[in-house]
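This report describes the ligand site and a further pocket of one protein model. The sequence and structure are shown below.

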Amino acid sequence: MSAAMSEDVKNQAPRGDEASFGFASVSEGARQGLVNAVFSKVAGRYDLMNDLMSAGLHRLWKDELVNTLAPPKSATPFALIDVAGGTGDIAFRFLDAAGPGGQAVICDISKEMIEAGKARVDSNKESAQSRKPLMFVQGNAEALPFEPSRFDAYTIAFGIRNVTHIDAALAEAFRVLKPGGRFLCLEFSSVEMPLLDALYDAYSFNAIPALGQLVAGDAEAYRYLVESIRRFPRQERFAQMIRHAGFERVRYRNLTGGIAAIHSGWRL
Ligand SMILES: C[S@@+](CC[C@H](N)C(=O)[O-])C[C@H]1O[C@@H](n2cnc3c(N)ncnc32)[C@H](O)[C@@H]1O
């Protein structure tokens, strides 16, 4: 679908039991399978593509997410769940930054993304990631396989827009966090700078699928990624959804003019 598609069409809510898959409408039941197919196809090239597509910017945004969390440096246990954690970028940064009490669970629905993450740990045996407790669990953000109030912090980076029912994922985040626990979400967002938005649109709709074809052999998967970004709720609307799930002191901060944003909240 072209970049020229009008805002009205892009933001149209799918009807009934339909869900958006990029700019297309599919049945709710089919959507997660389509998303899983995207990530199983690109898993082997996922990290490389992230660097190429964002010219390395995603690393700075992820550093910023972990800086915002500011994991404690003490030996007191502090447990993170990184949902849609993929190949481990957030959990690894967290374990590097945390004190000896840091422990992390990476939960992702895709077996292939988890395998790619495990391979990274295996290839870096001396790192903090291999010295501190780290567990990979296959699971759906909408029905996390964990008991209530288990975690001190919940992160999700570039993951929540892939979930079919965002409200269900937010309710699960609230459920698995301890009272006093922190929610942090890094996601592509809506560019709020004139000119940058036009440039960004041109780049995303043309260069990214072409790069996806060249590097990962799959233009369609990357077209989905770009379109799903445009379907994701704008900053203030997403903040409202987080409040609605029960979180308090909800805030957001734009990164690089709103190309990405960090939303945060507390379970109090
Ligand atoms: C764009 S990647 C982000 C990976 C990693 N967080 C990062 O920032 O590099 C999106 C991830 O979300 C996962 N995902 C998609 N739907 C999910 C769901 N319903 N529950 C859990 N993970 C999901 C995908 O398998 C994929 O690994």
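## The second largest pocket

Which residues lie nearest the centre of the second largest pocket? They are Met53, Ser54, Trp61, Phe188 and Ile208, from a lining of 19 residues. (On a 1 Å grid over the protein atoms alone, a pocket is an open set of points with protein on both sides within 12 Å along at least five of seven lines, and lining residues have an atom within 4 Å of a point.) By class, this lining has 14 nonpolar, four polar and one charged residues. At least two lining residues come from each of H3, helix H4 (57-69), helix H9 (196-216) and helix H10 (219-231).

## Basis of the model

The model is predicted; local features need pLDDT of at least 70 and side-chain atom pairs pLDDT 80 or more, while totals for chains, interfaces and linings use all residues. Residues are numbered from 1 along each chain as its sequence is written, and side-chain values use heavy atoms, with hydrogens and water left out.

## The ligand site

The ligand is surrounded by 20 residues (a heavy atom within 4 Å), the closest being Ala84, Asp108, Asn140, Ala141 and Ala157. By class, ten of the shell residues are nonpolar, eight polar and two charged. Helix H2 (28-42) and helix H3 (46-54) are the elements that give two or more residues to this shell; H2 gives the most, with three.

A polar side-chain atom of Asp108 lies 2.6 Å from a ligand oxygen atom. In the side chain of Lys62, an N or O atom is 3.0 Å from an oxygen atom of the ligand.

Conventions:
Polar contact = N/O pair within 3.5 Å; in protein donor to acceptor, adjacent residues only side chain to side chain. Helix = DSSP H or I, 4+ residues; strand = E, 2+ residues; numbered from the N terminus. Nonpolar A, V, L, I, M, F, W, Y, C, P; charged D, E, K, R; others polar. 1 Å grid on protein atoms, 1.4 Å probe; cavity = no way out; pocket = protein on both sides within 12 Å on 5 of 7 lines; lining within 4 Å.
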